[in-house]
Amino acid sequence: MVKPPNLYAFADPEDLARNLRSFVLDAQNVAIERHEVFRVGVSGGSLPKVLAKALLQSKSSSPTDQVQFAKWRIFFADERAVPLDHEDSNYKLLKDELLDKIPEEMGKPTVFPIDVEYLDDTQEMADQYEKTLVKEFASRDSVKLPMFDLLLLGCGPDGHTCSLFPGSPLLRETDAWVLPIDNSPKPPPKRITISLPVATHGIKIAFVATGGGKKEIMRQIFDTEEGHSLPSGLVNSFGQDRVSWFTDSPAVDGVQFPSRRGSL
Ligand SMILES: O=C1O[C@H](COP(=O)(O)O)[C@@H](O)[C@H](O)[C@H]1O
């Protein structure tokens with residue numbers, strides 16, 4: 001039976017941040033209980049700012065509400081082939097918005113950036129990043145796909161997610177875990193991205209999409225047949241109820257698909 005994704009819409013950024021925090025910490029606590037670490041795949045774009053707001057907000061004393069950054073292993077769902085201090089780098093974005101702001105007492109995550117030695121060869125960069133995932137998730141012979149504890153994804157106004165763009169032949173990839181892109185329709189052109197099978201294999205998959213600029217694409221993804229073949233719609237179709245969308249009211253204005261408001 002097909003189980004639909006969860007669509008949550010919150011009235012204000014504080015409400016969204018609070019609920020995203022509790023969702024992320026649930027995933028963290030289950031993962032640490034299961035295998036002592038929390039393996040997360042993160043995106044760039046608007047996500048790191050919202051994530052920082054969720055994770056760095058004032059702590060409670062509840063043992064289940066503690067961000068255990070020392071046990072976090074952070075990978076990139078997609079990355080641009082630029083130096084790590086370049087304005088277009090998703091690593092730099094995450095560093096500026098979140099990593100550099102983590103207070104010492106919250107611990108330090110282990111972060112896996114791209115190898116900038118391969119900036120001119122995106123195929124090699126993708127292969128090297130895949131090797132990083134293989135090391136983390138055991139050998140490719142024994143693990144068909146890496147299973148992130150949580151994938152934190154964005155959705156562009158054209159429906160792209162990670163660096164998987166609408167109509168791209170990369171959406172048909174069934175074997176590779178990480179793919180090169182040399183002609184991204186959104187600059188910069190050279191990137192790497194996890195493949196669709198990896199993006200849909202997460203134990204939990206959360207999209208964050210906020211603001212009125214996302215309302216048309218949200219309507220397409222959730223309310224139209226064609227929306228199902230957009231990259232973000234494909235994640236919905238394959239991930240089913242392992243997928244949760246964290247949105248605000250302007251982003252879902254006019255969306256018919258039932259959304260839950262207020263709290264998880
Ligand atoms: O280019 C990218 O865009 C997407 C979506 O960004 P957003 O600002 O519309 O949320 C992002 O998820 C991806 O990581 C990034 O490389």
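Helices (H or I, at least four residues) and strands (E, at least two) are taken here as DSSP runs, numbered from the N terminus. By that count the protein chain has eight helices and 11 strands. The model is a predicted one, so local features need pLDDT of at least 70, side-chain atom pairs count only at pLDDT 80 or more, and totals for chains, interfaces and linings use all residues. Residues are numbered from 1 along each chain as its sequence is written.

The C-alpha atoms fill a box of roughly 45 × 45 × 40 Å along the principal axes. Of the 264 residues, 44% are buried, that is, have 20 or more other C-beta atoms, placed from the backbone, within 10 Å of their own.

Turning to the strands, β1 (residues 6-10) has four of its five residues buried, so it is largely enclosed by the rest of the structure. Strands count as paired if DSSP finds at least two bridges between them. β1 runs parallel to β10 (residues 243-248), with five bridges, and N6 has S244 as its bridge partner there.

Elsewhere, three strands make an open antiparallel sheet in the order β4-β8-β7. β4 (78-80) and β7 (178-181) each have a single partner strand, so one side of each is left without a neighbour in the sheet. Neighbouring strands are turned by 15 degrees against each other on average, direction ignored. Four bridges hold the antiparallel pair of β7 and β8 (residues 191-194), with V178 facing I194 as bridge partner. Helix α4 (residues 122-137) packs on this sheet, touching β7 and β8, and its direction makes about 160 degrees with that of β7. Contact means C-beta atoms, placed from the backbone, within 7 Å; axes are lines fitted to C-alpha atoms, for helices over the stretch in contact, and angles run from 0 to 180 degrees between N-to-C directions.

Helix α3 (residues 90-97) has N90, Y91, K92, L93 and L94 buried. Their cover includes β2 (38-42), α2 (47-55), β3 (72-76) and β4.

N90 turns up again around the ligand, where the surrounding residues also include S43, D78, S163 and K186, each with its C-beta atom, placed from the backbone, within 6 Å of the ligand.

Technical notes: A residue is buried if 20 or more other C-beta atoms lie within 10 Å of its own, exposed if 12 or fewer, and partly exposed in between; C-beta atoms are placed from the backbone. Two residues are in contact if their C-beta atoms, placed from the backbone, lie within 7 Å.
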